[in-house]
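Please consult the sequence and the structure shown below alongside the text.

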Amino acid sequence: MDHETSTGHVTRKTVLRAALAAGMAAPAVLMGVPALARTLTAGETAPALTPECDDGDDPTPPQTEGPYFKPNSPLRSSLLEAGTTGVRLTVSGYVFGLACRPISGVLLDFWQADVNGAYDNTGFRFRGHQFTDAAGAFKLTTIVPGLYPGRTRHLHVKVQAPGRPVLTTQLYFPGEPRNNTDTIFDPRLLMTVRDAGGAREAAFDFVLNVPQDPGPTPTPTPTPTGVPGGTWAAGTGYRAGDSVTYGGLGYVCLQAHTAQAGWEPPNVPALWRTA
Ligand SMILES: [Fe+2]
């Protein structure tokens, strides 16, 4: 799996992608992974290439719609048709809200140029919409779009969470010479792209300006062991400020999460500080 940005930096979001792909239980994903990812990136400087999805103020930037959007595109995740020419391309990713929680049922409406750089303005070739699945994931199957005058290589997309405003933006390919001269180009919208046997596999995660709770509020359900204030225990919901002991030392919880094996206080400084 390729979960690195074009700079090779493993972002918090890519770690979340890995967790989602690995089928982690949803509550754990929603509540704890950002903190875990922060731990993995400790000491690194976040690149500006993609939204980090960590502090609630960096949704995917909008871009101009351009002149070629058409409503009422067909519902389909593959834009390939019989006889379609061009280098095959898949674009996969997740759609997150401001708290880095994936959003299901998000509409993604893609449109792009064909291999020759032309848009179909009479029909719906290389146009299609789909919805994120229960895990907030999407996957587009298409071709690498051709170039046309004045622009670098790009995909167009509109992204809309249920009942929320539409994000209109574009996605870009690393290493394109015209990225340096296209005034619309934004490096924050670069996909991760790799070669895959003559085809291309791209990844991009959207962050929508959708407020989210950081996670379910843990319900205090005192039990003899593992409750806040006692000995750290996997499966326990901790809140910021909770104190535990682990390995004979005391720790204070820095942010709400449900404890998991591997997230013991010494291992995850983003979640626990020494008391
Ligand atoms: Fe375009």
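**Strand E5 and the chain as a whole**

Strand E5 (residues 154–160) has five buried residues out of seven, so it is largely enclosed by the rest of the structure. The model is predicted. The chain contains two helices and 14 strands, and 35% of its 275 residues count as buried. Among contacts with a separation of 6 or more, 63% are between residues 24 or more positions apart.

**The four-strand sheet**

- E5 belongs to an open sheet of four strands, arranged in the order E3-E2-E5-E6 with antiparallel pairing.
- The edges of this sheet are strand E3 (127–131) and E6, each of which pairs on one side only.
- From one strand to the next, the twist averages 25°.
- Strand E2 (residues 107–111) runs antiparallel to E5 and is joined to it by five bridges; here Asp109 has Lys158 of E5 as its bridge partner.
- E2 is also joined to E3 by five bridges, again in an antiparallel arrangement, and Phe110 has its bridge partner in E3 at Gly128.
- On the other pairing of E5, six bridges link it in the antiparallel sense to strand E6 (residues 167–172). One of the paired positions is His154, whose bridge partner in E6 is Tyr172.
- E5 and E6 form a hairpin with six residues between them. In its turn, Gly163 has a positive phi of about 75°.

- Strand E8 (199–203) pairs with E1 in the parallel sense over four bridges. The bridge partner of Thr90 in E8 is Glu201.
- E8 also runs antiparallel to strand E7 (residues 192–196), with five bridges joining the two. Val193 has Ala202 of E8 as its bridge partner.
- A hairpin is formed by E7 and E8, with two residues between the strands. Gly197 lies in the turn and has a positive phi of about 60°.

**Nonpolar cores**

- The largest nonpolar core has 35 residues, of which Val95, Val159, Met191 and Leu208 touch the most other members.
- Two or more residues of this core come from each of strand E1 (88–96), E2, strand E4 (137–143), E5, E6, E8 and strand E9 (206–207).
- With five residues, E1 gives the most to this core.
- Which residues surround Val159 once its neighbours within four places in sequence are left aside? Val159 is in contact with Val95, Val106, Leu108, Leu167, Phe206 and Leu208.
- Another core, of seven residues, lies apart from this one and includes Trp232, Val244, Cys253 and Ala259.

- An open sheet of three strands has the order E11-E12-E14, and its pairing is antiparallel.
- E11 and strand E14 (272–274) stand at the edges with a single partner strand each, so one side of each is left without a neighbour in the sheet.
- The twist in this sheet averages 40° from one strand to the next.
- Three bridges pair E12 with E14 in the antiparallel sense. Tyr251 has its bridge partner in E14 at Thr274.
- Gly248 sits in the loop between strand E11 (243–246) and strand E12 (249–253).
- Is Gly248 buried or exposed? Gly248 has 6 other C-beta atoms within 10 Å, and a residue with 12 or fewer is classed as exposed, so Gly248 is exposed.
- In sequence, Gly248 is 17 residues from Thr231; in space, the C-alpha atoms of Gly248 and Thr231 are 9.0 Å apart.

Terms used: Residues are numbered from 1 along each chain as its sequence is written. This is a predicted model: local features need pLDDT of at least 70, side-chain atom pairs count only at pLDDT 80 or more; totals for chains, interfaces and linings use all residues. A residue is buried if 20 or more other C-beta atoms lie within 10 Å of its own, exposed if 12 or fewer, and partly exposed in between; C-beta atoms are placed from the backbone. Two residues are in contact if their C-beta atoms, placed from the backbone, lie within 7 Å. Two strands pair if DSSP finds at least two bridges between them. Axes are lines fitted to C-alpha atoms, for helices over the stretch in contact, and angles run from 0 to 180 degrees between N-to-C directions. A nonpolar core is a set of buried Ala, Val, Leu, Ile, Met, Phe, Trp, Tyr and Cys residues joined through C-beta atoms within 7 Å.
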